[in-house]
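Here is a short tour of a ligand site and of some aromatic rings elsewhere in the report. Have the viewer open and follow along.

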Amino acid sequence: MKLFNFLKPKSYLGIDIGTSAIKIVQLSHARDTFRVEQYGEITFFSKEAPMEVYQQSSLKMPDEQVAELVRKILHESKVTATKAAMSLPVFSSFSTIIELPPMPKDEMEKAIQFEARQYVPIPISEVSLDSLVLGEERKQQQEENHAGREEAEDQGWRADPRAQKSKKLEILLIAVPNEIKKKYEHIAQLAGLELTALEMETFPLARAMLKGNPTVTAVVDIGARSTDICIADGGVVRISHNFEFSGVDITKAYGEFAKLDYVEAEKRKKVTGLNLTPGQLLGAAGLLAIIDDIINETERITHSYFNKTGRMVTRVVLAGGVSRMPGLLEQFRERFSSLPADAVSIGNPFSGLVYPRELEKILQEIGPSFAVAVGLAMRR
Ligand SMILES: Nc1ncnc2c1ncn2[C@@H]1O[C@H](COP(=O)(O)OP(=O)(O)OP(=O)(O)O)[C@@H](O)[C@H]1O
Ligand SMILES: [Mg+2]
């Protein structure tokens, strides 16, 4: 019966191809509510050769192999959607915020192309450009609003609306190398899917974790191969940063000090984490140095955002598999002790979504690793 098809909620699929696993989430959307329909994960981890798998980025894996895994997880999770959004690792694309004076649309397109040449380190003919007008430049806007208000009050007039013309527009610029875009289109095609969007992973990450909350927030996604840190302000990601230290390094360091092979170290890290005895702590300098590096980097980015914009990060949300490591949240809270403890938390991308009650516990547990996939499926 097709007549009432428009009443049927639409399903959206998000696919996060990470270094250690592929995660998929299917959500349906109706009347401002997202319902969790399916979710699933398939890990690249193999008992025989865990390191070999981890050492190569999933970007370097043959498309056929990745597509085969995607097909498998879609089948196992009983996914019905045929259109999907996928994420890109931060290091594979470029994003920046530029400022331009207001101008007609066709001129704006040319100006964006021109500006992009300065920011994108590869020839512009080899990338797909995307841009989004965020609004008026913040600092200037605040200053002018303030000055305008004072002046208007002095003179008993409202600020002259023509003054708006001098304001600059902030434009989010994203460039994805054509080669990478083609690769993901190929993977989708081989997996029997239509690729509807390709997003740098910090965008879906923030979408799922913040759900539009405008607070200045640092979202830290600590995955298997790398850590992504982004600052979202006004609900928009304004800085994305990626660095190498992450879950695999933590497992290696754990193995070294606890004298365990990789597979055992991986298990122990998840159970004991940083809850070590004073004796163990003495020998765990390598492990603690990695944790320190991750927290230092988060602190550095938040300071740099403050220095640039005068806006203070007042919330830290952790994501990625490593955020679940026992004792890690406490380390972050200690370092960000100027913030209330509950302003530093492990995010749950499923919160605010509708799902069967019996899934509550499991979704809360796996949530941090599924943030990117949830955010992709929330895209519409
Ligand atoms: N409870 C836990 N304690 C500590 N580490 C954990 C825990 N659960 C998962 N991890 C680690 O999290 C990592 C996987 O996280 P995640 O699924 O976010 O990675 P990924 O998305 O595949 O990687 P990347 O984003 O770097 O490509 C692995 O290194 C795993 O050991
Ligand atoms: Mg990831």
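## The shell around ligand 1

In this predicted model, ligand 1 is surrounded by 19 residues, and the closest are Thr19, Ser20, Lys23, Glu266 and Lys269.

## Backbone contacts and cover

If you zoom in on the oxygen atoms of ligand 1, you will find polar backbone atoms of the protein beside them. A backbone N or O atom of Gly321 sits 2.9 Å from an oxygen atom of the ligand. For Val322, a polar backbone atom is 3.3 Å from an oxygen atom of ligand 1, and for Ala21 the distance from a backbone N or O atom to a ligand oxygen is 3.4 Å. On its own, ligand 1 has 650 Å² of accessible area, and the protein covers 91% of that.

Helix α8 provides the largest share, with three residues.

## Aromatic pairs

How many aromatic pairs does a search of the whole structure find? There are four. One of them joins Tyr254 and Phe257, whose ring centres are 5.1 Å apart, with 55° between the planes, and this pair counts as tilted. Both residues belong to helix α7 (residues 247-258). Tyr254 and Phe257 are three residues apart there, about one turn of the helix.

Key. Residues are numbered from 1 along each chain as its sequence is written. Chains are lettered from A and ligands numbered from 1 in the order in which they are written. This is a predicted model: local features need pLDDT of at least 70, side-chain atom pairs count only at pLDDT 80 or more; totals for chains, interfaces and linings use all residues. Side-chain values use heavy atoms; hydrogens and water are left out. A residue is near a molecule or strand if one of its heavy atoms lies within 4 Å of it. A polar contact is a pair of N or O atoms within 3.5 Å; within protein, one must be able to donate a hydrogen and the other to accept it, and residues adjacent in sequence count only if both atoms are side-chain atoms. Accessible areas come from the Shrake-Rupley method with a 1.4 Å probe; for residues, only the protein chains shown count as cover. Helices (H or I, at least four residues) and strands (E, at least two) are DSSP runs, numbered from the N terminus. Rings of Phe, Tyr and Trp (its six-membered ring) pair if their centres lie within 6.5 Å; planes under 30 degrees apart count as stacked, over 60 as edge-to-face and the rest as tilted.
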